[in-house]
Amino acid sequence: MIKPVNIPLKVHWLSTQKLEHPDIIPVTTNEVIGMLRNSEYLGWDTEARGLVPLYHTPLLEIFHNGKYTVVIDIRTTSREDIYKIHSAISHIPWIAHNAKFDYKMMMWHYPGIALGLCWDTMVAARILYNGYDIGGFSLKNLLDKFFGVKMNKEVRNSFIGKPDKSPFTVEEVFY
């Protein structure tokens with residue numbers, strides 16, 4: 001079994017909200033583009049107010065390229081900047097778990113946005129383990145089954161119904 005390496009995580013934070021934490025580094029839109037545009041691949045995720053992409057709104061968008069982790073506060077980042085970032089990185093392959101949700105979320109709320117060619121780890125697991133009882137195909141289950149990583153999804157629940165003006169916590173940004 002492959003064991004992940006614990007690497008100290010620094011988060012590059014694109015938001016007008018200031019967070020006081022030594023590992024949260026404020027960045028600009030152009031800095032985000034500079035960090036991501038030459039990546040070989042990008043890990044991608046979104047966090048939203050709920051689990052229905054056509055009804056609930058996106059709150060955070062997360063990218064990781066093996067070197068940088070970027071968390072974008074969608075509530076305080078202009079639509080123009082969201083489109084600008086996506087346009088600059090849409091040529092890069094993206095990796096996501098249950099990408100169907102994230103794609104629907106972004107396409108519905110940002111019509112015409114450029115999204116990268118995405119490899120979905122949930123779809124891959126369903127294909128590879130079709131017919132086998134591996135305990136489910138959620139990210140939490142797959143991380144536990146194949147890497148022995150126990151994922152705590154409790155913080156995710158804090159995003160459900162989060163008001164527009166409610167600040168993000170350090171725990172939510174690191175989630």
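Residues are numbered from 1 along each chain as its sequence is written, and side-chain values use heavy atoms, with hydrogens and water left out. As the model is predicted, local features need pLDDT of at least 70 and side-chain atom pairs count only at pLDDT 80 or more, while totals for chains, interfaces and linings use all residues.

Helices and strands are DSSP runs numbered from the N terminus (H or I with at least four residues for helices, E with at least two for strands). Helix α1 spans residues 29–36 and helix α2 spans residues 79–89; the two pack at an angle of about 15°, with their axes 10 Å apart. Axes are lines fitted to C-alpha atoms, for helices over the stretch in contact, and angles run from 0 to 180 degrees between N-to-C directions. The two helices α1 and α2 are therefore roughly parallel to each other. On this scale, angles under 35 degrees count as roughly parallel, over 145 as roughly antiparallel, 65 to 115 as roughly perpendicular, and the rest as oblique. The crossing of α1 past α2 is right-handed; this term applies if the near helix is turned clockwise from the far one by less than a right angle, and left-handed if anticlockwise.

Contact is defined by heavy atoms within 4.5 Å. On the α1 side the contact involves Thr29, Asn30, Val32, Ile33 and Leu36, which meet Asp81, Lys84, Ile85, Ala88 and Ile89 of α2. Six of the residues in this contact are nonpolar, two are polar and two are charged. In this classification Ala, Val, Leu, Ile, Met, Phe, Trp, Tyr, Cys and Pro count as nonpolar, Asp, Glu, Lys and Arg as charged, and the others, Gly among them, as polar.

Ser39 is placed between α1 and β3 (42–48), and Asn65 between β4 (58–64) and β5 (69–73). Burial is expressed as relative accessible area (buried under 20%, exposed over 50%, partly exposed in between; 1.4 Å probe, protein chains only). Ser39 is buried, with a value of 14%, and Asn65 is buried, also with 14%. A polar contact of 2.9 Å joins their side chains, the term denoting a pair of N or O atoms within 3.5 Å; within protein, one must be able to donate a hydrogen and the other to accept it, and residues adjacent in sequence count only if both atoms are side-chain atoms. A polar atom of the Ser39 side chain also lies 2.7 Å from the backbone oxygen of Leu36. For Asn65, a polar side-chain atom lies 3.0 Å from the backbone oxygen of Met35, and the side chain reaches the backbone nitrogen of Lys67 at 2.9 Å. Not counting residues up to four places away in sequence, Asn65 touches Met35, Leu36, Ser39, Tyr41 and Leu42. Under the same exclusion, Ser39 touches Asn65 and Ile92.

Ile62 is found in strand β4 and is buried, at a relative accessible area of 19%. Residues up to four places away in sequence aside, Ile62 touches Gly43, Trp44, Asp45, Thr46, Glu47, Thr69, Val70 and Val71. The C-alpha atoms of Ile62 and Asp73 are 9.0 Å apart, with 11 residues of separation along the chain.

Ala96 lies in strand β6 and is buried, with a relative accessible area of 4%. Beyond four places in sequence, Ala96 touches Trp44, Cys118, Trp119, Asp120 and Thr121. Its C-alpha distance to Phe63, 33 residues away in sequence, is 9.7 Å. Asp120 belongs to strand β7 (residues 118–120) and is buried at 15% relative accessible area. Apart from neighbours within four places in sequence, Asp120 is in contact with Ala96, His97, Asn98, Ala99 and Lys100. Asp120 and Trp94 are 26 residues apart in sequence and 8.5 Å apart between C-alpha atoms.

Asn98 is situated in the loop between β6 (94–96) and α3 (99–109). Although Asn98 is not a glycine, it has a positive phi of about 60°; Asn98 is partly exposed, with a relative accessible area of 26%. Gly135, in the loop between α4 (121–128) and α5 (139–147), is partly exposed at 48%. The C-alpha atoms of Gly135 and Lys145, 10 residues apart along the chain, are 8.1 Å apart.
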